[in-house]
Amino acid sequence: MAGTILLTGGAGYIGSHTYVALKEAGYDVLILDNFGNAKHSVVGRLEQITGAPVTAVEGDVRDRSLLNQIFTEHQIDAVVHFAALKSVGESVEMPLRYLENNLGGLMVLLAAMEQAGCRRLVFSSSATVYGIPDETPTPETAPRRAMNPYGKSKIMSEEVLEELAAADPAWAFGVLRYFNPAGAHHSGLLGEDPRDVPSNLMPFVAKVALGELPLVKVFGSDYDTPDGTGVRDYIHVDDLARGHVLSLSALLAGKGGHLVNLGTGRGYSVLEIIAAYSAACGSDVPHQIVDRRPGDVPIYCARTERAEALLGFRTEKSLDEMCRSSWAWVTSQAAEPA
Ligand code: NAD
Ligand code: WQD
């Protein structure tokens with residue numbers, strides 16, 4: 001049973017991969033994106049991959065009249081809401097911008113959905129809501145204690161959804177807490193394309209492997225982890241995209257809401273990532289140990305049982321596939337004329 005889905009932020013990194021997965025699952029999909037952090041060329045690439053025209057509206061999720069128009073013109077069955085700003089560092093400098101975009105955007109969207117009678121939404125949350133967790137692998141029941149405005153915008157968004165679901169059982173939300181997304185689409189046509197110098201590890205390693213940056217700074221080697229460097233649960237973006245399809249089909253099948261981690265349950269250290277990437281690109285990625293990055297968490301790793309029990313979700317792709325697909329993506333981008 002497919003339907004029509006509004007995909008906010010659908011031109012972004014995770015959204016574009018999810019677009020492909022939704023189309024493969026038989027959904028009609030309408031993208032709403034302000035292209036603040038995406039290139040317009042993504043739309044043509046999605047057409048190339050799916051072999052069908054893409055409907056993409058350029059606009060802001062905070063624009064209530066635009067949303068009303070979309071819900072009037074289309075019979076939307078559910079929304080998958082990716083549109084948000086995501087830089088932790090920037091959120092510390094500009095908390096209002098983050099709260100206004102991330103929390104404000106969600107509020108406008110929910111109000112428009114309520115007016116239209118559309119009450120199913122999949123929400124992009126983040127492992128960052130756990131702050132420094134007491135327990136790893138971390139279960140969904142762990143306390144929410146994010147320390148920066150970005151993470152707080154995700155906590156507040158989760159709370160808003162909980163209030164709505166408690167007040168009116170007609171609402172059903174799929175709240176997905178992603179661990180560390182990595183990798184790219186196997187076609188080489190989609191991937192993460194940061195506008196500035198990347199702050200996340202894998203895109204940074206990719207730029208060093210390409211020779212665009214001199215070396216990877218490894219932030220700290222004195223953590224209480226097997227090799228002393230930070231450990232994360234990296235999840236292939238294709239697996240993540242599939243998680244959204246499963247979440248959506250549970251909501252549309254009337255199974256009620258769910259809040260789940262999306263991760264592999266297996267952590268890798270910074271040095272392990274550099275070694276895996278070096279193997280994938282065929283040359284050693286230079287690196288140097290430097291001081292810890294302020295605010296970093298030693299280990300993030302997901303408990304995965306709930307996503308498996310509620311959604312039947314299990315990851316399929318390995319770290320090697322994340323590195324190889326990332327490398328294929330960045331080399332194809334580097335070969336393109338500017
Ligand atoms: P992204 O920046 O690539 O995609 C977000 C998209 O939303 C962009 O295309 C951007 O142009 C659009 N957008 C932002 N604000 C908008 C607005 N007000 N109106 C319309 N469009 C808007 O980021 P991503 O990595 O694909 O992340 C998607 C979601 O997943 C975000 O909500 C993010 O917070 C969450 N998330 C990301 C990660 C990660 O590491 N990438 C981890 C956990 C959670
Ligand atoms: C991973 C590991 C670093 C860069 C961030 C956000 C989080 C989420 C995902 C959205 C850490 C180390 C990194 C580098 C390094 N986003 N590192 N050198 O910090 O787990 O999470 O992105 O929700 O909210 O906080 O990801 O990729 O930045 O770091 O040594 O140049 O790599 O210290 O151990 P992080 P990351």
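Helix α7 (residues 201-210) and helix α11 (residues 319-335) have axes that come within 10 Å and cross at roughly 55 degrees. The two helices are therefore oblique to each other. This is a predicted model, in which local features need pLDDT of at least 70, side-chain atom pairs count only at pLDDT 80 or more, and totals for chains, interfaces and linings use all residues. Residues are numbered from 1 along each chain as its sequence is written, chains are lettered from A and ligands numbered from 1 in the order in which they are written, and side-chain values use heavy atoms, with hydrogens and water left out.

**Helix packing**

- Two packed helices are described by the angle between their axes and the distance between the axes.
- Axes are lines fitted to C-alpha atoms, for helices over the stretch in contact, and angles run from 0 to 180 degrees between N-to-C directions.
- Helices (H or I, at least four residues) and strands (E, at least two) are DSSP runs, numbered from the N terminus.
- Helix α5 (residues 95-116) packs with helix α6 (residues 149-167) at an angle of about 20 degrees, and their axes are 9 Å apart.
- α5 and α6 are therefore roughly parallel to each other (angles under 35 degrees count as roughly parallel, over 145 as roughly antiparallel, 65 to 115 as roughly perpendicular and the rest as oblique).
- The crossing in which α5 passes α6 is right-handed.

**Ligand 1**

- Ligand 1 is surrounded by 27 residues, and the closest are Ile 14, Asp 33, Asn 37, Lys 86 and Tyr 150 (a residue is near if one of its heavy atoms lies within 4 Å).
- This shell divides into 12 nonpolar, 10 polar and five charged residues (Ala, Val, Leu, Ile, Met, Phe, Trp, Tyr, Cys and Pro count as nonpolar, Asp, Glu, Lys and Arg as charged, and the others, Gly among them, as polar).
- α1 (13-24), β5 (120-126) and α6 each supply at least two residues of the shell around ligand 1, and β5 gives the largest share, three residues.
- Backbone N or O atoms lie 2.8 Å from an oxygen atom of ligand 1 at Tyr 13 and 2.8 Å from an oxygen atom of ligand 1 at Phe 82.
- The protein covers 95% of the 820 Å² of accessible area that ligand 1 has on its own (Shrake-Rupley method with a 1.4 Å probe).

**Ligand 2**

- Around ligand 2 there are 17 residues, of which Tyr 150, Leu 201, Lys 217, Arg 232 and Asp 296 come nearest.
- Seven residues of this shell are nonpolar, six polar and four charged.
- Strand β8 (residues 216-219) gives the most to the shell around ligand 2, three residues.
- A polar side-chain atom lies 2.8 Å from an oxygen atom of ligand 2 in Ser 126, and one in Asn 200 lies 2.8 Å from an oxygen atom of ligand 2.
- From Lys 217, a backbone N or O atom lies 2.7 Å from a nitrogen atom of ligand 2.
- Of the 690 Å² of accessible area that ligand 2 has on its own, the protein covers 88%.

**Backbone details**

- Most residues other than glycine have a negative phi, and most peptide bonds are trans.
- Thr 136 and Pro 137 are joined by a cis peptide bond, with omega about -10 degrees, and Pro 137 is in the loop between β5 and α6.
- Phe 35 is not a glycine but has a positive phi of about 55 degrees; Phe 35 lies in the loop between β2 (28-33) and α2 (41-50).

Note on methods. Polar contact = N/O pair within 3.5 Å; in protein donor to acceptor, adjacent residues only side chain to side chain. Left-handed = near helix turned anticlockwise from the far one by under 90°.
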